[in-house]
Structure formats: structure tokens, C-alpha cells
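Here is a short tour for anyone meeting this structure for the first time. Take a look at it, then read on.

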Amino acid sequence: MAVLDRHSKGIIPYLPEEVDHFEQEVKRFKAGEIEPDAFMAFRLKQGVYGQRQPDSQMIRVKIIGGIVTDESLDALGEVAARYAPLNRGHVTTRENIQYHHVPLEDMADLMRLIGQVELTSREACGNTVRNVITCPLAGICKTEPFDIRPYMAAYSRRFVRHEVTQAMPRKFKTAFSPCSSDCAVTSMHDLGLIARIQEIDGVRRKGFEIRVGGGTSIMPKLAPTLYEFVPVEDMLKVCEAVLRVFNQANELRRDRMMARIKVLVNRVGINKFREMVEEELKQLWAQEEINIEDYLWEDEGDVPAPDPGRPLLRRLRPGETSSEYTRWRTSNIVEQRQFGFYGVYVKVPQGDLSSQQFHALADITRRFGNRRAMLTAEQNVLLRWVRQEDLYDVWEELDGVGLGEGGVHEITDVTSCPGTDSCKLGITNAMGLGRAVAAAVQGYDDPLVQAMHVKISGCPNGCGRHHIADIGFHGASFKGDEARQVPSYEVFVGGQYEGGATQYAQRIKVKLPAKKVPEAVQRIVAYYAAERSESESFKEFVDRVGPKSLEPVLADMSRSADKFNMDSLPLYMDWERNVLFNVERGEGECAV
Amino acid sequence: MTYIVTEPCIDILDKSCIDACPVDCIYYDEGSDRMVYIEPGECIDCSACVPVCPVDAIFAEDLVPDQWKEFYDINVKWFEDKGAIRGRVNEIHPIGTPPVNPLPA
């Protein structure tokens, strides 16, 4: 094993020879010297996906834990400008950055550009250990028992390019939560780790609760606990045993739709699964030491910048009393554990950042933070180490590039997957609906309504995380007049993911035309606002009245499609489209 | 690709799959059919129907068990000639024979 630098810029080493090889394989593929399927499996392992549009590709840059620096933000912005025709990158719900519509021929150069800042797309796709996510407050959070980032990085370093993880039955998604609030939503992951402290023989030891076998899509499962406490020193070995058990479960390879680890855990039960892990820990590989110290990564730069000595108190500037700033100041700022410093959430509509915005964020972290930010699973960005006296300046800068909107993590902060804009599996245009819903829910001032989450996926798989939303939607279709297809959505209510008690939303029996969804959200909100008891959250409300009680609220909209004519035409078209809707779904590449 | 409904559906007709299908591609005629059929041109291979079937009757087309291979044609051809397919279903699984898998209690 190569010695890993504990203080390197990147967590996963960038290997130039891997990109040279990729470039050669592209040439061989273009020359017809490699079979398409073999090339597809190869390119997926390097993070390159096919798209709905046959001539272009998507590349997913793996950002472990969403950790970025000013340099990486600049490089990501440069990629958007040079290689992405739409001049933008997309923050995903897995804390990656994706670029769409990139020609295959440009990929190697793109990889070299991000390689300069030690980022890689290696194993961002395919049946591998995918990007690991965490809470953006890791390291600055008031409630975390210890900083999990070195261990999260160690996990990624151990299992990316590892011989056991190169062709597993299916992809494998991991989350590390810094505290019991479980902001990384470990329960919905293949493998989830939550920081714990346990006193053993009078010594306080760092460790993790380990959960395994969660997942969403068409078979939602919450991950049961494999171990209540595993000391950090043993964490890699236990995780490796889990991965080896998964990799050896060849019966999973028969049907790719039933090949995630949740299927195995659900079938045998967590106790039997634990026995399998313990049997695995007796094997030869486990007799060798895996020293966590060899894999740790620490970000020495994630500390306050030297105090520039700007005055704490100064004359109020005119914008400082504006409602926009006041709103932002209330919703988007979080006090760090470190006194006097703030984390600043940047609300990124639908996760799309232009090249200019990437550079602006880099610049802001240089001038007002300490060159550090985190991408979040809510498709936003968190700037770290901002001093109180600089908050207004930061807002002004953000506002100047269209990123000054308040209400982060609120009802207006709608999550959506890329949908039919680019994804082969998409049924509907989730991005377009996301924008329409966000516009329809502006202006609520009831804090309990503001606290609701709306999440949209373009298909049942759930990249938009609709399973954990207060109100979630996934793309569908039904037949309207003359058996014409109507773009539509299935509706889910009552999910929860904050505060450590993850619960999946339940589907209600209505199917809404896509164009009616914004109004449907307004109706649900109005019903909740009118019927709820004092201080009852939406999720508590749904638990009390039952999801079914929401069906009559939307019943008249369900499967409603007017007679097909010029007036009803928009109903037969998806959001932001001007052609009649038709379900077009390609072969997925996830399992190749 | 498409998904295929096989013999265990006959006389069970649970219809959970119809409820789960996001694109309404599962059909049957009330009173005339003993099982449901997936329209292969409309199926998007999402497999949402598979885990909800109480009698494990639905398979991806390349995973249909050997003894039920004929159900590929049965699914496809029902959309062309319902009468013929109903007759064939009655031959394969005569009326009055118990279902392949009983509904779970």
C-alpha cells in the first residue's frame, strides 16, 4: 500500500496514470476496439456516466464529505466554464459535483484539471464504494463528541481502489454523522456510522455506532444497528468485513434491482448478518493489522484565519436593515462551536452553480472565511469560519451573484434530482417542477410551515430524497384524454430526517398531473395550517390525522386531465418543455 | 426490457402491482381475466411491482424461471388477442386448480 499523506490536499490520491489510461481507452473505444459494454463498465469506475443524450456524458466528481477549499471551488468553476456547455455544475444530494453534456473526448483533460487540486472522479459511479457524505457542520458543530472527518477520510482512502470493492453486487453508499442528531441520515444508507463516546475501563474511547442495510428507492428500509459501539481503531476492519460479506453474497448478483445490501440484511435479519460479519472477521485477511493511523487525513487549514482586525462595531449600512438581509441573517447562519465564528449556509437553488458562482464562493472564503466550505446533501454550500463582523459583507457578496436568498433548509429550499434534463432513468423533469414549487411556496411566515421540506425525484429511485421529505414527489405518468400520457407525480407525506429519528414518508393514493403539483403543495400547507394543533410539526400532524386524511384534499386533482385541446395542452407537457410528454426511459447504467 | 407476470398471479389478482406502477402499464379486464398483464412497450423497468407482489409472480424478462418462460409471450400477446391468451391461460392453469402460491396469511 502506498503511504498516504495525512495532510495532503485531497483525500483520495489523484493518479495521473489512471487518466492517461482513460484517454487511451476512449481512443480505442472510438476506434471500435472495445465492446461498448466493457467500455461502459470501465468509464463508470472513472465516474463517467452516459446521459439521456447519446452524444454526451455526465461526469461526477467525488467530493468526500463535501469538503472543498477555495482552490477546489476555483477548479470546479473552471471546469464548468471550459467543459460544461451550460456553464454550470450541479451539487448532488450525495455531496458530489456533476457536470452534464460533456463530450467524451474532453473527459481526460477535465480529470487532469481537477487532479491539479487533488480531486478525482474515481469510483463515483459503478458498483463501488460511492462518495461518503457527512453533516456540513462536522468539525464546527456544538454537539459533536469528536471530529469524524479524519475517520470518514480513512474509510474512503481504505476502500476506494480496494480489491474487494471493484465489482460488488451493486453500489454502496456510506454516511458518517458527527452526532446523535444524525444529520447525514445514516439510517437510509447501506452503511452508516454515528460518532459515539464510551467509557471502557475508566477511559473515554472514541468510536462509532454502525448501522447497515438501509436504503430507499422501490424498497425503502431503515438500517438496523449492527454494533452499538466499535472503537475507532477497529472501525476499518469491521467495515471491511461488511463489504466482504456483501461482495461474497453472489445470490444478489442475479437481479440487479434486488442487489443492494439491504436485500441481504432484510432477508437474513440483522442478528444473522452480524454472525456473518463475525465469521468474516476470523478469516485470514482479518488477522493482519489495519492501522487506522495509516489512513487518517487531517485538514490543518480548517482553523480561523488570522484576525484582520476589522472593528466588531461600526456604523450600520443601509442594506443591513433590509428585510432580505434580516431574513437571511435569521435562517442561514449557524454559530460554530468555536466562539465568535459562524457557518454561513449558501442556498443554491436546485443545486446548480455557475462558473462565476463557484469562483465567487472561492473568493468569499478567501476574504472572509478561511478558504474552507462544505457541499451539503441538501444541495447547498456551507462557508466556514466567518467572523460576526463580516456577516453583512458576506451576504452582500453572495447577493451580488444571486446566492443571497434566505430560508435555507426551509420550505422554499426544494430538493430535486436532475430528472429528464439529463438522466436516462428520469420519467419527469424534476428540476423544472422544483423551480415551480419553490416559486409557489414563497411568503409563508408561519415558522412551522417554513420548517417543512419538499423534495422531488424524477423517478421512483429517489435521488431527490423524496422518501424523507415532509411532502415528497416522484415522477410518474398516467393516461389522459385519447390515452395521451400526462406527466405526473406520486405523492408522499410525513417523512422525517432531522433530530436523529429518521422516518420514511408514506405514499397517499393520488396521482397528480405535474402542472398541478405546486397548487397541491399549497393546498396541503393550507390544510395543515388550518387543522394543526398549536406547535404541531407537519410530521406530527400527519402521524395524528393519518396520511389518508390528505387524500380528499387533493382528490379532485388526482388523475384529472381535461379533454385534449389547445387549452388543456400545457397539462400534457412537462414543466419547462414545449413538446407533448412521452415517457422515455433508457437503460440504467448503475449496475454495470 | 420489460417485466413479466407469471403463473402465480392466476386467480390471485391482488393488483398491488397496479397501484405501485408509476406509469400505469399493468392491465386486465375486470370479470374476464384471471391475471394481470404488463404492456412491454410501456414498462420502464423500474421494478416497483416486484416487491409488492404478495405471491412473487413478477420477474424481469431475463429472470423469468424456466417453467414460466411462456409467460413472456402471454404478456406480450394479450395486448394483441385477449381471447386467445385467456384460452391459453386456462390450459396452463385450469379453472378450479389452486393458485401456485397461496396468499400469505
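Chain B has an average pLDDT of 96, and 100% of its residues score at least 70; pLDDT is the predictor's confidence in each residue, from 0 to 100. For the complex, the predictor gives an ipTM of 0.93 and a pTM of 0.95.

This is a predicted model, in which local features need pLDDT of at least 70 and side-chain atom pairs count only at pLDDT 80 or more, while totals for chains, interfaces and linings use all residues. Residues are numbered from 1 along each chain as its sequence is written, and chains are lettered from A and ligands numbered from 1 in the order in which they are written.

## Chain A at a glance

Chain A comes to 16 helices and 20 strands; these are DSSP runs numbered from the N terminus, with helices being H or I of at least four residues and strands E of at least two. Its radius of gyration is 24 Å, close to the 25 Å that the globule rule gives for 592 residues, so chain A is as compact as a globular protein of that length. That radius is taken over C-alpha atoms, and the rule is 2.2 Å times the number of residues to the power 0.38. The C-alpha trace of chain A spans about 70 × 65 × 55 Å along its principal axes.

How much of chain A is buried? The figure is 52% of the 592 residues, where buried takes 20 or more other C-beta atoms within 10 Å of a residue's own, exposed 12 or fewer, and partly exposed is in between, with C-beta atoms placed from the backbone.

## A five-strand sheet

Chain A has an open sheet of 5 strands in the order 6-7-8-9-10, with mixed pairing. Strands pair if DSSP finds at least two bridges between them. At the edges sit strand 6 (133-134) and strand 10 (225-231) of chain A, each pairing on one side only. Strand 8 (residues 191-200) and strand 9 (residues 203-212) of chain A run antiparallel, joined by 10 bridges; A:Ile200 has A:Val203 in strand 9 as its bridge partner.

In the loop between strand 9 and strand 10 of chain A you'll find A:Met219. With 18 C-beta neighbours inside 10 Å, A:Met219 counts as partly exposed.

## A hairpin and its neighbour

Strand 11 (residues 333-335) and strand 12 of chain A pair in the antiparallel sense over 3 bridges. They form a hairpin with 5 residues between them, and A:Gly340 in the turn has a positive phi of about 90°. A:Ile333 has A:Val344 in strand 12 as its bridge partner, and A:Val344 also stands opposite A:Leu383 in strand 15 of chain A.

Strand 12 (residues 341-346) of chain A has 5 of its 6 residues buried, so it is largely enclosed by the rest of the structure.

## The core and the meeting of chains

The largest nonpolar core has 197 residues, of which A:Val242, B:Val5, B:Cys49 and B:Ile58 touch the most other members. Such a core is a set of buried Ala, Val, Leu, Ile, Met, Phe, Trp, Tyr and Cys residues joined through C-beta atoms within 7 Å. Helix 6 (residues 232-248) of chain A gives the most to this core, with 10 residues.

Where the chains meet, 11 residues of chain B are in contact with 17 residues of chain A, contact being C-beta atoms, placed from the backbone, within 7 Å. A:Met219 is in contact with A:Lys262 and B:Pro51, leaving aside its neighbours within four places in sequence.

Methods: Contact = placed C-beta atoms within 7 Å.
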